[in-house]
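Dear colleague,

Please find below the structure that I am handing over to you. My findings follow it.

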Amino acid sequence: MNLFADLLASTPGRAATSAASSVTSTGPRIQKGRRGVEIKSAREIQVMRQASRIVATVLREIMEMAAPGLTTADLDRHAEQRIREMGATPSFKGYHGFPASICASINNQVVHGIPSARQLIKEGDLVKIDTGAYFEGYHGDSCVSICVGACSEDTTRLSRVAQESLMRGLGKIKAGNTLLDIAGAVQDHVEAHGYSVVEDYTGHGVGRNLHEEPSVFNFRTSDLPNLKLRAGMTLAVEPILNAGSKKCRTLRDQWTVVTVDGSLSAQWEHTIVVTSDGCEILTDRDF
C-alpha cells in the first residue's frame, strides 16, 4: 500500500555495519540486517530525536518561506542545504532513484511530487512538503501541508481536518493499544467532515531504514496486521485526505501521484515513539 515500502521489500542488498558505511554517494543505503517490528533502545531513540529535530527545523523554515513566485526546486535546495548543514543526509534523495530531498505535491497531487524549477508556487496553492533526514544511522520523517497566501475556505478546511486527523490518531497511541485504534480515530474524523482517506499509501515504521514494518494504516481493514503497540516502537503516522474520491493514479514520471477526479489532497505526518502511556512526537516543530 506504500510505494516506498513496497520497493523496500523487493530491494536486494545487505546490511551496513556502521552509520558511516550506510551512506553512499546517492544517499542512505537500505539496511537489511533485521526484519520485523523493531523496539528501539534509549540510545537509538535519542539519535532519532536528533534526526527528527533536523526534519522539524527544515519544515518550519519551509513553512515560513513558501510564497507565490518561488518554485518547488527553490524549496528543495533550501531543504538539502539545511539538512547537510546540520550534519545529516537527506533521506529521500537517491532513495530508489528519487531525485530530490523533498517531495513537493501541490493541490491535486497526493504524494511523491518531484520538485521542479518550472513549478511555480501560486497564491492559494495547497503545498505538501514531505522530507526526511538521516543522522548517525537513523531517520526522521515528517510532512506538512502549507496553505500559501490567501487560500479558499475549502482549502484551509481540508488541511485543518487532515492535521486534526493526525492528532486524533496520535491520541490513541500508547502501549497496549493497536494499529486499528489509530486507524479508527483517523477515519472517523475524516469521514465526519465529508472527506475520504487515501488507502493506497500508509504510514510505516521508521528507524535505521526510512520505511520499516509495520504499515500504519489510516482506515479500518482486516487486510493488514493489527499489531499491539509496544513502548519503544518508532512510527511515522501520516493520514492523507482527499476532498473527493479516495482513488489515485500515478503520472508518467512514475513518482507523482494525483487524485483521479482532480480534487484537492492534504497530508500531515509525524515521527513518534510509543511510550507506556502515550507517545512522544519526535518531529514536533514547536520548540
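**Findings**

Of the 287 residues in the chain, 55% are buried, meaning under 20% relative accessible area with a 1.4 Å probe and protein chains only. The model is predicted: local features need pLDDT of at least 70, side-chain atom pairs count only at pLDDT 80 or more, and totals for chains, interfaces and linings use all residues. Residues are numbered from 1 along each chain as its sequence is written, and side-chain values use heavy atoms, leaving out hydrogens and water.

The chain has 5 helices and 17 strands, taken as DSSP runs (H or I, at least four residues; E, at least two) and numbered from the N terminus.

Helix α5 (residues 179-192) has 14 residues. Its buried residues include L179, I182, V186 and V190. The buried residues of α5 are in contact (heavy atoms within 4.5 Å) with α4 (153-170), β8 (196-197), β10 (212-216), β11 (234-237) and β12 (240-242). After α5 comes G194, with a positive phi near 85°.

How do α2 and α3 cross? The axes of helix α2 (residues 42-65) and helix α3 (residues 72-85) come within 10 Å and cross at roughly 150°; axes are lines fitted to C-alpha atoms over the stretch in contact, with angles from 0 to 180 degrees between N-to-C directions. α2 is therefore roughly antiparallel to α3 (over 145 degrees). At this pair, I54, T57, V58, E61, I62 and M65 of α2 meet L75, H78, A79, R82 and I83 of α3.

Yours sincerely

Terms used
Buried means under 20% relative accessible area, exposed over 50%, partly exposed in between (1.4 Å probe, protein chains only). The expected span of a helix is 1.5 Å times one less than its number of residues. Angles under 35 degrees count as roughly parallel, over 145 as roughly antiparallel, 65 to 115 as roughly perpendicular and the rest as oblique.
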